[in-house]
Each structure stands twice: as C-alpha cells, then as structure tokens.
Amino acid sequence: MSVETHPQPSLSDAQPGELIRLANITKRFGANTVLDDLSFTVAPGKHVTLIGPSGSGKTTILRLLMTLTRPDEGTITVDGDQLFPAPEKQIREVRKKIGMVFQQFNLFPNMSVLRNITEAPVQVLGMSGDEAEERARELLDLVGLADKCDAKPTRLSGGQQQRVAIARALAMRPRVLLLDEVTSALDPELVAGVLDLLRDIARSTDITMLCVTHEMGFARDISDQVLMFDGGRVIESGSPEKIFTDPEQDRTREFLSAVL
Ligand SMILES: Nc1ncnc2c1ncn2[C@@H]1O[C@H](COP(=O)(O)OP(=O)(O)OP(=O)(O)O)[C@@H](O)[C@H]1O
Ligand SMILES: [Mg+2]
C-alpha cells in the first residue's frame with residue numbers, strides 16, 4: 001500500500017468561503033476516463049452552470065456529489081466535511097445537505113404528491129409527520145400545486161411532476177441543489193414555467209446551485225459562474241457574460257455556436 005495517498009494535501013483541505021470542493025477527481029468507466037484530475041470549488045450561495053458537449057462528464061459530477069457513484073481518485077468536500085473518501089456514516093450525514101432534481105423527475109409513482117415530499121424528511125431527517133406535512137404544503141404552494149396534494153404523480157403533466165420533484169428536493173432544506181437538465185424532458189410550452197420557478201428559488205434563497213442546462217438564456221440569468229467542460233476537465237470558466245459573449249477557448253466558441 002502506498003503512503004502517498006494525498007500527493008497535494010493542500011488541494012483537498014476545505015478553505016473558508018467554499019461550500020463545495022472537488023480536488024483531483026478522476027472517474028473512469030472501464031477504459032474510459034470521464035473525469036481527469038478535475039478540480040473546482042463553489043462558494044456558498046453561488047449558482048454555477050456546467051456546460052459542455054454530450055459525454056463530457058456533467059451528469060457524472062452531479063452523481064458524484066449525490067454519492068450515486070464514487071470517484072476512483074480525489075477528494076470531495078461539502079460545507080467543511082469530507083464526502084469522499086469518508087466512512088459511510090459521514091457520507092450519509094454530508095449527503096443530507098445536497099438535493100438533486102433529475103431530467104426524468106424520478107417521483108415515487110405509488111405515493112401521493114404530498115407523501116412524495118414528506119417521505120425523506122420523515123425517514124431521513126427524522127422530522128415529525130405533522131411538521132413534514134406542513135412544510136410540504138408550503139412548498140406545494142410555492143411551486144403552484146397546492147391543489148394536487150392527494151394526486152398521484154402519473155396524473156400530473158410533466159411540468160407539474162417536475163415542480164413536485166423540485167418541492168421534494170427543497171423539503172430536505174439542502175445547502176446545495178443539483179439540477180440536471182430539468183427541463184429537457186418537458187413539452188416546450190411547460191419549460192418556461194419551471195425555469196421561472198427555478199429563477200425565483202435562485203433569487204429568494206441562499207441555496208448553492210449546480211446546474212446542467214441547455215437553456216442558455218436561463219443559465220445567463222441565474223449563473224454567477226459558468227464552467228465549460230471538455231475532455232474530463234474544466235477548460236474555461238468565468239461569468240456568463242464572458243463565457244457566452246467572449247470565450248477564450250476555440251472549443252467553447254464551437255460548442256456555443258452549436259447550441260445557441
Ligand atoms: N454507469 C456508466 N457506465 C459506463 N459509462 C458511463 C456510465 N455513466 C456515464 N458513463 C460514460 O461517462 C461519460 C460521461 O457521461 P455523462 O453522463 O457524465 O455526460 P454528460 O456530460 O452528462 O452528457 P450529456 O450532455 O449527454 O448528458 C460518457 O462517455 C458516458 O458514456
Ligand atoms: Mg448528462
């Protein structure tokens with residue numbers, strides 16, 4: 001066994017003013033190195049958008065933060081506590097600070113809308129049923145679905161289901177919200193409503209957001225910073241104004257001209 005497990009210890013140590021720190025992350029699927037010695041940090045309350053070609057590892061980064069997959073190398077720190085590598089108990093604790101909304105909603109189909117939202121706060125946070133329900137009703141009000149408490153998700157439109165998924169993520173009072181192309185599976189006329197809701201959440205909460213989106217107008221509105229991925233690394237980062245209007249890298253320019 002090598003003793004040189006942390007060749008660059010300073011990179012893996014959380015610094016003040018950082019909520020998320022990925023340091024020297026490498027992730028391979030077989031022979032495919034998807035993330036290659038990747039490092040970046042996100043300050044508390046900031047909204048960061050990840051852009052880059054299909055297969056560049058954007059979803060993989062969010063899945064690493066959700067601990068749905070583990071890196072081969074590197075460290076991940078959230079709010080001062082290590083998420084990886086860490087003992088299972090610590091992973092479970094740190095994980096509670098992170099919520100995710102997926103492209104395909106992933107609601108529990110056999111539970112009512114209300115129960116979809118109360119389930120994790122009760123089971124994972126140990127919240128009382130009454131408190132979880134009160135909070136769920138407030139959140140359903142926030143997302144414009146107060147009248148759908150008792151409905152089953154399959155009876156809702158895609159846009160409504162995605163609003164429930166957003167409410168469900170917020171019910172855990174996360175410090176970090178991960179959004180992975182949350183409007184890509186929606187009919188075009190439902191996209192604007194969900195993006196408006198997310199704009200509201202970005203404006204009115206201090207939740208740190210990491211967002212993968214092809215909605216460049218939305219990204220421009222909400223982002224403090226845009227990270228451009230290619231070849232498993234961040235090849236360029238900056239303000240949305242800079243990245244969307246005057247990128248440094250040819251690769252970024254090519255990518256944007258293809259998607260804009
Ligand atoms: N479970 C898995 N097993 C094998 N390979 C995987 C797995 N998950 C992702 N990959 C591979 O990792 C690479 C990055 O995938 P990822 O889903 O992170 O890309 P992405 O940037 O989100 O792409 P897209 O914009 O198409 O969603 C791809 O080459 C993909 O095939
Ligand atoms: Mg993806």
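This is a predicted model: local features need pLDDT of at least 70, side-chain atom pairs count only at pLDDT 80 or more; totals for chains, interfaces and linings use all residues.
Visitor: What is the volume of the largest pocket?

Guide: The largest pocket is lined by 18 residues. Among the elements that give two or more residues to this lining are α3 (88–95) and β6 (98–101). The volume of the largest pocket is about 430 Å³.

Visitor: Which residues lie nearest the centre of the largest pocket?

Guide: By class, the lining of the largest pocket has 10 nonpolar, three polar and five charged residues. Helices α4 (113–123) and α6 (158–170) are among the elements that give two or more residues to it. The residues nearest the centre are Met 66, Arg 95, Ala 120, Arg 168 and Met 172.

Visitor: Which residues of α5 does α4 meet, and how does the contact divide by class?

Guide: Helix α4 passes α5 in a right-handed crossing. From α4, the contact draws on Val 113, Leu 114, Ile 117, Thr 118, Pro 121 and Val 122.

Visitor: How are α4 and α6 oriented relative to each other?

Guide: The axes of α4 and α6 come within 8 Å and cross at roughly 25 degrees. Angles under 35 degrees count as roughly parallel. Helix α4 is therefore roughly parallel to α6.

Visitor: Which residues make the contact between α4 and α6?

Guide: The crossing of α4 and α6 is right-handed. The contact is made by Val 113, Asn 116 and Ile 117 of α4, together with Val 164, Ala 167 and Arg 168 of α6.

Visitor: What is the orientation of α6 to α7?

Guide: Helices α6 and α7 (188–204) pack with their axes 9 Å apart. Their angle is about 20 degrees, and angles under 35 degrees count as roughly parallel. Helices α6 and α7 are therefore roughly parallel to each other.

Visitor: Which residues of α7 take part in the contact with α6?

Guide: Helix α6 passes α7 in a right-handed crossing. The contribution of α6 to the contact is Gly 158, Gly 159, Gln 162, Arg 163, Ile 166 and Leu 170. That of α7 is Leu 190, Gly 193, Val 194, Leu 197, Leu 198 and Ile 201.

Visitor: What is the volume of the largest cavity?

Guide: A search of the whole structure finds one cavity of 30 Å³ or more. The largest cavity is lined by Leu 179, Glu 181, Val 182, Thr 183, Leu 195, Leu 198, Cys 211, Val 212, Thr 213 and Phe 218. These divide into seven nonpolar, two polar and one charged. The volume of the largest cavity is about 40 Å³.

Visitor: Which elements give two or more residues to the lining of the largest cavity?

Guide: Leu 195 and Leu 198 are among the lining residues, as are Cys 211 and Val 212. The elements that contribute two or more residues are α7 (188–204) and β8 (208–212).

Visitor: Which residues does the cis peptide bond join?

Guide: Most peptide bonds are trans. Pro 85 is found in the loop between β5 (81–84) and α3. With omega about -10 degrees, the cis peptide bond joins Phe 84 and Pro 85.

Visitor: What is the phi of Thr 67?

Guide: Most residues other than glycine have a negative phi. Thr 67 lies in the loop between α2 (58–65) and β4 (73–78). Its phi is positive, near 55 degrees.

Notes
Residues are numbered from 1 along each chain as its sequence is written. Chains are lettered from A and ligands numbered from 1 in the order in which they are written. Side-chain values use heavy atoms; hydrogens and water are left out. On a 1 Å grid over the protein atoms alone, a cavity is a set of points where a 1.4 Å probe fits but cannot get out, and a pocket is an open set with protein on both sides within 12 Å along at least five of seven lines; lining residues have an atom within 4 Å of a point. Grid points are joined across faces, edges and corners, and a volume is the space filled by probe spheres set on the points. Helices (H or I, at least four residues) and strands (E, at least two) are DSSP runs, numbered from the N terminus. Ala, Val, Leu, Ile, Met, Phe, Trp, Tyr, Cys and Pro count as nonpolar, Asp, Glu, Lys and Arg as charged, and the others, Gly among them, as polar. A crossing is left-handed if the near helix is turned anticlockwise from the far one by less than a right angle, and right-handed if clockwise. Contact means heavy atoms within 4.5 Å. Axes are lines fitted to C-alpha atoms, for helices over the stretch in contact, and angles run from 0 to 180 degrees between N-to-C directions. Angles under 35 degrees count as roughly parallel, over 145 as roughly antiparallel, 65 to 115 as roughly perpendicular and the rest as oblique.
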